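Have the coordinates open and try each task before reading its solution.

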Amino acid sequence: MPRVVSLFLPMWPTDRFRRKSGDAAPLPETPLVLIGRDGRRRVVLATDAAAQTAGLRIGMPASKAQALVPNLAIHDAEPEADEMALERLALWALRRYAPIVAADPPDGLVIDTTGADHLHGGEAAMLSEMVARLGGSGLAARAAVADSWGAAHALARFGTRQTLVVPSGEIAQAILPLPIAALRLPALTIESLRRLGFERVADLAAMPRASLALRFGPEPGRRLDQALARVSEPIEPIRPEEIVEVRRNFAEPIGAVETIARYTGKLVAELCAVLETRGQGARRLDLLFFRVDNRVEAIRAGTATPVRDVKRLTRLLTDKIETIDPGFGIEQMRLAATAAEPLHAKQTISSLAEMPEPNVSDVIDILANRVGEDRLYRFAPVHSDVPERSVQRIAPMAPDTGEGWPGHWPRPSRLLPRPEPIETVALLPDHPPVTFTWRGVRRRVKRADGPERVFGEWWKRDAELAAVRDYFQVEDENGERYWVFRTGDREDAATGSHKWFMHGIFG
């Protein structure tokens, strides 16, 4: 069963206008509307939250809106610019979330995330991240995922939650209580249905199909079937001109795994030939399978570095063929390099005395495509005296940051995500502990070294202006070594609480 995400931007045109205008945009509390023409009339085409609160609605004459709200900010709508911006947003989602993404004008995106949600921590985490990222860019968003485009579209726009995950097979219970406007029917059809007493999708679903088609044509029934996943609704993925793409059409649909794998290899060879003429290597590949029943299946594979090796890329894609359901057959395959970077020639070792540099990028690619790119990383030093800020996660094959680890005092091989409080007994206040209790276990200290005094970074936060930590390396009776610290200098209460914490474990 496919899983489809509908991303709804309720304030899309006005949010886009504020982002484009920057400092010149009206204040958020100022009602804002975008005006366009409906025949000879100038009407409201979009409103922000403040304008809606003031009682302004889409379709209202511009003169009436001005009369109702004296301080109203009015600007001309730019439909073509809105459409282009929506396509750029679709490209962002294409590169980050899934290989099948399309704009859903005038105010949303549709994303087929089948088989891709586990790379983002699951469907609920993926939707929350989408909404949070857009919110950080100044775009209000709502999202829903369901078994069909129609159901996800309806729940994102007419549901009551900002993010909603509908379990597979339960779309009927989710959409039947919604108003009939959720079915993406023309406005005139919706108005006619309401005059006849149809208010909810459930009312329409209970109507005999023949009578409904005789009065309103096939559209209400088709939209209802699409929402309930009875009829497939293909998503034509967005493909910008700069993306390298090759395709293969089949006179007879294919479905055998061996046949799919063979043609995958041929498509990879064609794609690598095109990339070679451009001097590029692939960083992300999307292989789409167009079935005879209008369903689209997809495989996505990424690489840690630009790659143009046919065998390597073919293996990454064919490892995932088992996740593809060919249905009644596949009539077209498309392979696109949705992310490509320059690939420079690299001289190999020619001397028998020199050892070639180990290349682990192939292993990294296999692991990253199985568990997700975000879950594979390495640590790199950051210039900071505060231990928890002195390390960062970077991509496995990212270039060296140029920073070095501190050498004057050793650092533990395992640094806890956050310091954990411990109970200690010390001979003198400024001495290392004689015993300490951590996670319910009491340990006696045999050896200790320190203190290493670390000051707060006062230029970042006022609270760290006088902050002090004294770190000690301690070893217990079993030979296990720990990194503990005491906050404060034991003289001034402003320097810290004088409590002890566990911060790391030495190997």
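Elements here are DSSP runs numbered from the N terminus: helices are H or I with at least four residues, strands are E with at least two. The model is predicted, with local features needing pLDDT of at least 70 and side-chain atom pairs pLDDT 80 or more, while totals for chains, interfaces and linings use all residues. Residues are numbered from 1 along each chain as its sequence is written, and side-chain values use heavy atoms, without hydrogens or water.

**Exercise 1.** Work out what lines the largest pocket.

Step 1: get the space. It comes to about 1,100 Å³. A pocket is an open set of points on a 1 Å grid over the protein atoms alone, where a 1.4 Å probe fits, with protein on both sides within 12 Å along at least five of seven lines; lining residues have an atom within 4 Å of a point. Points join across faces, edges and corners, and the volume is what probe spheres on them fill.

Step 2: list the lining. There are 49 residues, and Pro99, Thr114, Gly115, Ala116 and Ala298 sit closest to the centre.

Step 3: assign elements. α4 (79-96), β11 (296-307) and α14 (361-371) each give two or more residues, and β11 has the largest share with 7.

**Exercise 2.** Do likewise for the second largest pocket.

Step 1: the space is about 760 Å³.

Step 2: of 24 lining residues, Pro13, Leu45, Ile58, Pro106 and Asp107 lie nearest the centre.

Step 3: α1 (12-21), β3 (41-47), α4 and α6 (149-158) each supply at least two; α4 leads with 4 residues.
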